[in-house]
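Biologist: I would like to go through the labels used for this predicted model. Please give the value and the cut-off each time.

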Amino acid sequence: MSLHRFLTLFPLLLVLLTVSCKKVKVDENIGRVNAESIIEKDGQLFLYSKNATVILRHGSSKVESGGIQIVLPDEVLRDSDGVWHLPLRSVNLLMNIFKPWKLKVETIAIDPGHGGSDPGAVSVGQKIKEKDLNLDLALKLGSALRSCGFNVVFTREDDRTVPLSRRGNMYEADLFISIHHNASKNINASGAETFCLLSDEIQDNSRISPAFQIACEMQKFQSQASGNYGRGVKFAKFRVLKDAKSPAILFEAGFLTHPDEEKRCVSAEYRQIMAEALAQAIARAVSL
């Protein structure tokens, strides 16, 4: 390197050295993540490893990793002494990013939400019932997954009522996916979101970890297909997720109460694009 080049880069190198050498204070919970390095910069906490980079912000439960948003059940806090804090249950969920879990998937159970006497939400403009959109997207996803070599079963393949208590445990599958479309009183609410189980057994990640990694890929691929960043990967105690005998995911494809998003969701062509994107995401996740 020439002297001129070195002198040009020296200020940047000095800044990086100063940042990397700065002592970052985190509580013992965040310390469990075992990140290779932790850096505080511009009021944000960066956790680095060879597998991922995670960005945390004070006062927010939303963290970023790999170009997607992950919404933890607890807020990240930085106290007056400069120490970063995060409750253990959220740290255990966060650790799934840094510890990839290999899942063998042969059979996938797909659950088209609602059906029969339960219409679900209704689109704001064209008054199309969610149950019909869920079924069509689920069938398209099943076809795309079969093309990828997976065995696929459905909790329903037509417009019938399936008790919520049966959906999650109807089959002995390797992966369970429930398909829905969203609705809100806020007509500006938009974007797909992907849910994993929020379990009280925070130490047992045997079902949560592989589902979380697949959910992250689904959220990433749907963003590419829809052009919408989406609402991220979230955690919830939905009945179908709790009842599932395998790693389980609930996917909300978009808001039927958002005028523009409704137009996309009711388009058969768009649902085909989304189905193929989700199938590619699942295939990629289980082959990583």
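Biologist: Why is Phe212 called buried?

Modeller: Phe212 has 2% relative accessibility. Buried means under 20%, so Phe212 counts as buried.

Biologist: What makes the pair of Phe212 and Phe235 stacked?

Modeller: The ring centres of Phe212 and Phe235 are 5.8 Å apart, and a pair needs centres within 6.5 Å. Their planes lie at 15 degrees, and under 30 degrees counts as stacked, so this pair is stacked. Phe212 is in helix 6 (residues 208-226) and Phe235 in strand 12, 23 residues apart, so the pair links distant parts of the chain.

Biologist: Is Phe235 buried or exposed?

Modeller: Phe235 is at 10% relative accessibility, which is under 20%, so Phe235 counts as buried.

Biologist: Which residues of helix 3 and helix 6 meet?

Modeller: Leu93, Asn96 and Ile97 in helix 3 touch Ile208, Ser209, Phe212 and Gln213 in helix 6. The residues of this contact are four nonpolar, three polar and no charged. The axes of helix 3 (residues 88-98) and helix 6 come within 9 Å, crossing at roughly 60 degrees. The crossing of helix 3 and helix 6 is right-handed.

Biologist: How many aromatic pairs are there?

Modeller: The count is three aromatic pairs. One of them joins Phe195 and Phe238, with 5.0 Å centre to centre and 65 degrees between the planes. Over 60 degrees counts as edge-to-face, so that is the label for Phe195 and Phe238.

Biologist: Why is Phe238 called partly exposed?

Modeller: Phe238 has 32% relative accessibility, which falls between 20% and 50%, so Phe238 counts as partly exposed. Phe195, at 9%, counts as buried.

How values were computed:
Residues are numbered from 1 along each chain as its sequence is written. This is a predicted model: local features need pLDDT of at least 70, side-chain atom pairs count only at pLDDT 80 or more; totals for chains, interfaces and linings use all residues. Side-chain values use heavy atoms; hydrogens and water are left out. Rings of Phe, Tyr and Trp (its six-membered ring) pair if their centres lie within 6.5 Å; planes under 30 degrees apart count as stacked, over 60 as edge-to-face and the rest as tilted. Buried means under 20% relative accessible area, exposed over 50%, partly exposed in between (1.4 Å probe, protein chains only). Helices (H or I, at least four residues) and strands (E, at least two) are DSSP runs, numbered from the N terminus. Axes are lines fitted to C-alpha atoms, for helices over the stretch in contact, and angles run from 0 to 180 degrees between N-to-C directions. A crossing is left-handed if the near helix is turned anticlockwise from the far one by less than a right angle, and right-handed if clockwise. Contact means heavy atoms within 4.5 Å. Ala, Val, Leu, Ile, Met, Phe, Trp, Tyr, Cys and Pro count as nonpolar, Asp, Glu, Lys and Arg as charged, and the others, Gly among them, as polar.
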